[in-house]
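Trainee: I have a model to go through. Can we take its labels one at a time and test each against its definition?

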Amino acid sequence: MSSLTILLHPSPFLFTNPSNSKTTIFTLPNRPRILIPQSATFSASPNPPLWTISETVKAVNGRIIRWGPPGTICTDTRTLEPGQWFLPLVGQNFDAHNFITPELATKGCVGVIGNWVCEGWNNGFVKVEGDTLSSLKSLGFYARNRFSGCLIGLTGSVGKTTTKTMIALALESVGTVYYSPGNWNNEIGVALSVIGMPRDVGFGVLEMGMSREGEILELSRMCRPNVRVILNVNAAHLENFANLEEVSMAKGEILREAMPGDVCVLNGDDPLVMSLPVSVGVKKIIPLFLGKGCGEK
C-alpha cells in the first residue's frame, strides 16, 4: 500500500521556515474560534444539539410514559441545567435513579430517560428496559448517524488530550470545530461527547482510551471516524496485557473497521504502531519528526 510521509518540525511555534523545504510548520491561530464544551452539559456550545422526545425514543428503543419538551442530555444531577433530560447511570455501588426527586424538576430537569422515576414525578419520562449505560451508547450511535461533518478519532498511550487540542486548533482555520472536553475518552465520556456534538460543525475531534481488549473497537464503532490516529504505544496499560505487542493490537482496533476512503495517521517513529495492519483502500499517512534517526525512515 502506498503511503504519504509528512516530516514535522518538533516545535509548532516557529516563526521562520526551516531550510528543509519538505518540512511543514504548523502555527497556532491567534484567535481560536473553536466550540469548546466546558462540562458534561455542553453549555458552552452556542448551538447545543436538542433531542426531541421522538428522537430519544427511537434512539434508545424506549417508551413514552409522559411527554416532555426538546432538550439536551445530562448524566449528573450536580451539573444539570434548566432544559435538560436526565439519564441516570447505574454502577456497581450506586444507582443514579435515586437522585430523581421532585426537587430535580424545580432545578429545571424537563424529563428522565431511565428505568423508573420517583413518586410524584410530573415531567417527561422515557422508560427504557435494561442497562441505562446501553441507552447512553445508543444515543451516541444515533447522534453519530445524524452528524455529516468529518470526525477524527485518536488513541495512544500518552498525549491524547494535548494532540486532540492541537488538531482542533489547526483545523479551526478551515472550518468550525468541536472537540471533546478534557480527557473524556472512556465509554461514558465518548458517548456524551458524540451526543453533545453540534450537528452543523465541520469537524469533530474525539479521543479514545482503553483499559482492556475490545474497548477501542467498541468506541470506534460508535464514532466511526473518517480519520483514525494512533499516537504511540507504551507500558501505560500493561496491568491488563501480557506485553506491549498486546497493547499495540488493542490500540490498533481503531483501524480494524476503517472503510475505503478513510484516512489513518500512524506515528512513523513508533515501530509497534507501524506494525499494525491497515485495510486496503484506506489512505495511510505517516508523520515523522525531524531529528536523530529520521534518516532511517
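Mentor: Start with pairing: two strands pair if DSSP finds at least two bridges between them. Strands (E, at least two residues) and helices (H or I, at least four) are DSSP runs, numbered from the N terminus. In β11, the bridge partner of I152 is V227. This is a predicted model, where local features need pLDDT of at least 70, side-chain atom pairs count only at pLDDT 80 or more, and totals for chains, interfaces and linings use all residues. Residues are numbered from 1 along each chain as its sequence is written, and side-chain values use heavy atoms, with hydrogens and water left out.

Trainee: What makes β8 and β11 a pair?

Mentor: They share 4 bridges, in the parallel sense. The definition asks for at least two. β8 also runs parallel to β10 (residues 203-207), joined by 5 bridges. There, C150 has F203 as its bridge partner.

Trainee: Why is β8 called largely enclosed?

Mentor: Buried means under 20% relative accessible area, exposed over 50%, partly exposed in between (1.4 Å probe, protein chains only). In β8 (residues 150-155), 5 of the 6 residues are buried, so the rest of the structure largely encloses the strand.
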